[in-house]
Amino acid sequence: MSERDRSDAALVRAAREGSEAALEMLFRRHWPSAHRAAYLVCQDRAGAEDIAQEAFLAALRALDRFDRRRPFAPWLHRIVVNRAIDWTRMRAGRRETTTAAVPEPPAQPLAEPDDELLGALAELDADHRAVIVLRYLQDLSPGEIARALNLPRGTVNSRLRRGLDKLGRQMARERVR
Amino acid sequence: MTDAELRERLRATQTDADRDAEQRAWQIVRSAYSPAEASSRHHRFRITLPAMACTVAIVAVLLAVASSPRDALARWIRDAIGLSTQPHSRPVLGGLPSGGQLLVNSPAGPWIVHADGSPSYLGPYTAAAWSPHSLYVVAWHRAELAALDPNGRVEWVLTAGAKVTVARWSPDGYRISYIAGRSLDIVAGDGSDSHQLASHVKPVTPAWQPHTGSAHRIAFVDQLGDIELRNADTLALLWRIKPPTPPRQLLWSPDGTRLLAIAARQLSIYNTHGHLIATETIPSGGTAGPAAFAAGDRIALILHQIDEPADSVVLLDANRQGFKRAPEAVLTAPEYLSGIDWSPNHQWLLASSPSANQWIFIRVLTPTRLNAVSRIANQFRPHGKRTAGPPTLAGWQP
């Protein structure tokens with residue numbers, strides 16, 4: 001069986017036993033969704049890269065303790081989304097100092113294919129983005145989201161409902177612009 | 001919009017830039033992975049028991065520390081992943097863990113320590129620094145600056161206008177900066193075209209910015225204590241910032257995206273435009289010593305305790321948004337630590353303790369490990385002569 005065909009559990013076991021190839025397959029398999037989830041929650045490309053990378057490093061450090069009977073992806077995404085929420089809150093509370101520096105060049109435009117959706121998501125707060133990303137990008141059930149974010153299930157449902165309502169309204173506004 | 005449409009649109013947010021991020025992240029994850037250790041942990045987990053006992057000891061020590069006037073300092077350090085006041089010590093440097101070559105500056109002159117631990121003496125210079133690919137060193141003595149090959153053969157010599165106190169090769173190898181007297185000067189890697197970049201600078205080692213293409217940008221501390229970034233060829237000022245406290249040390253992250261400025265009790269991180277990203281204040285009771293920046297956002301810092309004869313090596317993680325979490329102590333020793341450097345694969349740290357005449361190699365991956373080498377000064381005596389003390393670290397390269 002090639003590495004590509006192996007289950008996450010088998011790759012975790014092989015990585016624990018010292019197979020870098022298995023670790024790379026696990027990384028390549030889950031990086032795109034982890035990075036995308038981080039980006040959709042934190043809305044910052046550099047931040048998303050750091051968050052997803054840090055989540056993989058945390059997962060790597062905890063590989064020995066990981067229960068292989070449980071699926072790998074939700075475990076990883078829980079780390080990613082919680083860190084993305086923390087990061088977003090931390091950034092909101094931080095001020096940059098001004099300097100007598102050369103003017104900063106404009107940020108590179110994000111070449112995203114769906115400005116309407118991203119623009120609307122940006123109007124939501126990180127808590128609402130997180131539940132939407134976990135529900136619709138990672139396909140977690142509300143119960144799984146509640147466990148991942150350490151929230152009551154009712155809170156998850158209400159955040160989902162409010163988040164989707166606001167997302168719908170924002171997208172309608174984006175279309176009007 | 002239906003649920004299915006939302007799913008589809010969320011999943012369509014991948015760009016080419018994301019694939020670059022993936023590659024960068026994989027390199028860092030791979031460098032943090034040790035197949036041999038993973039295998040060893042998996043098959044022989046009892047080997048971690050001493051580490052657990054060590055952790056218990058660490059917690060006990062930290063609790064004891066936390067009840068003393070050093071509370072603030074103890075709280076600043078999140079936890080310890082390794083600690084030894086008297087690591088098992090060998091009398092002879094048997095080899096460098098993870099290989100590479102180490103440049104050190106002894107009172108008699110610079111030496112290169114090879115992977116097997118054997119030292120080569122470069123000559124009676126005050127100190128030396130590596131070229132980026134370890135093909136040469138730049139060495140200095142009084143007003144003389146010289147480029148040497150690793151066997152000590154002189155490639156060129158330049159006489160500066162005043163006593164040279166420090167020199168650093170640019171990351172691409174085409175320029176060398178050096179401070180002569182109070183002047184910061186630049187010379188090409190072949191010894192030609194020496195020119196002054198700034199007439200008055202503080203005695204802080206200038207830091208070349210990595211990954212700037214063909215541009216040669218260097219950060220330094222000017223006579224007012226401000227940090228300047230200049231193009232070393234055009235002399236153009238790119239930015240100048242006034243830090244709250246003049247820094248003692250400047251370090252670029254290996255990817256060139258962040259500049260770390262270390263003052264006595266404050267660490268500050270700036271982005272490439274000179275904007276402050278984050279600061280970390282060291283609580284009273286401690287001051288910052290030398291530091292080293294590794295790939296993967298890790299900074300190793302020596303923390304001097306003011307009222308106690310004990311120094312620590314702490315790890316901080318600093319990404320493009322700031323310090324990610326509280327510092328982590330990897331070593332606390334009842335002695336003065338004067339230098340710190342990362343191994344080329346960033347899995348080991350080397351701390352030097354002149355007061356104990358000792359080098360301590362610290363493996364930072366779990367399980368952590370400490371290897372100490374004692375009587376280190378005796379191993380750097382040219383022609384068997386007595387020397388005045390142990391050498392200082394000047395770079396561990398592949």
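**Ground rules.** I worked from a predicted model, in which local features need pLDDT of at least 70 and side-chain atom pairs count only at pLDDT 80 or more, while totals for chains, interfaces and linings use all residues. Residues are numbered from 1 along each chain as its sequence is written, and chains are lettered from A and ligands numbered from 1 in the order in which they are written.

**Chain A, overview.** Helices (H or I, at least four residues) and strands (E, at least two) are DSSP runs, numbered from the N terminus. Chain A has 177 residues, of which 38% count as buried. A residue is buried if 20 or more other C-beta atoms lie within 10 Å of its own, exposed if 12 or fewer, and partly exposed in between, with C-beta atoms placed from the backbone. I then took the contacts in chain A between residues at least 6 apart in sequence: 68% of these join residues at least 24 apart. Two residues are in contact if their C-beta atoms, placed from the backbone, lie within 7 Å.

**Chain A, α2 and α6.** I checked helix α2 (residues 20–42) against helix α6 (residues 126–137), both of chain A; their axes come within 8 Å and cross at roughly 150°. That makes α2(A) roughly antiparallel to α6(A). Angles under 35 degrees count as roughly parallel, over 145 as roughly antiparallel, 65 to 115 as roughly perpendicular and the rest as oblique. Axes are lines fitted to C-alpha atoms, for helices over the stretch in contact, and angles run from 0 to 180 degrees between N-to-C directions. On the α2(A) side I listed Ser33(A), Arg36(A), Ala37(A), Leu40(A) and Val41(A), which meet Ala126(A), Arg129(A), Ala130(A), Val133(A) and Leu137(A) of α6(A). The residues of this contact divide into 7 nonpolar, 1 polar and 2 charged. Here Ala, Val, Leu, Ile, Met, Phe, Trp, Tyr, Cys and Pro count as nonpolar, Asp, Glu, Lys and Arg as charged, and the others, Gly among them, as polar.

I looked at strand β4 (residues 109–113) of chain B, where 5 of its 5 residues are buried. Strand β3 (residues 101–106) of chain B pairs with β4(B) in the antiparallel sense over 5 bridges; two strands pair if DSSP finds at least two bridges between them. Leu102(B) stands opposite Val113(B), and the β3(B)–β4(B) hairpin has 2 residues between its strands. β4(B) also pairs with strand β5 (residues 119–121) of chain B, antiparallel, over 3 bridges, and Trp111(B) stands opposite Tyr121(B). The β4(B)–β5(B) hairpin has 5 residues between its strands, and Gly117(B) in the turn has a positive phi of about 95°.

**Chain B, β10 to β13.** I traced an open sheet of 4 strands in the order β10-β11-β12-β13, with antiparallel pairing. β10 (164–169) and β13 (195–198) of chain B each have a single partner strand, so one side of each is left without a neighbour in the sheet. Neighbouring strands of this sheet are turned by 30° against each other on average, direction ignored. Strand β12 (residues 183–188) of chain B is joined to β13(B) by 3 antiparallel bridges, and Asp185(B) stands opposite Gln196(B).

**Chain B, β18 to β21.** I found an open antiparallel sheet of 4 strands, ordered β18-β19-β20-β21. Its edge strands are β18 (249–252) and β21 (276–281) of chain B. Ile269(B) has Ala278(B) in β21(B) as its bridge partner.
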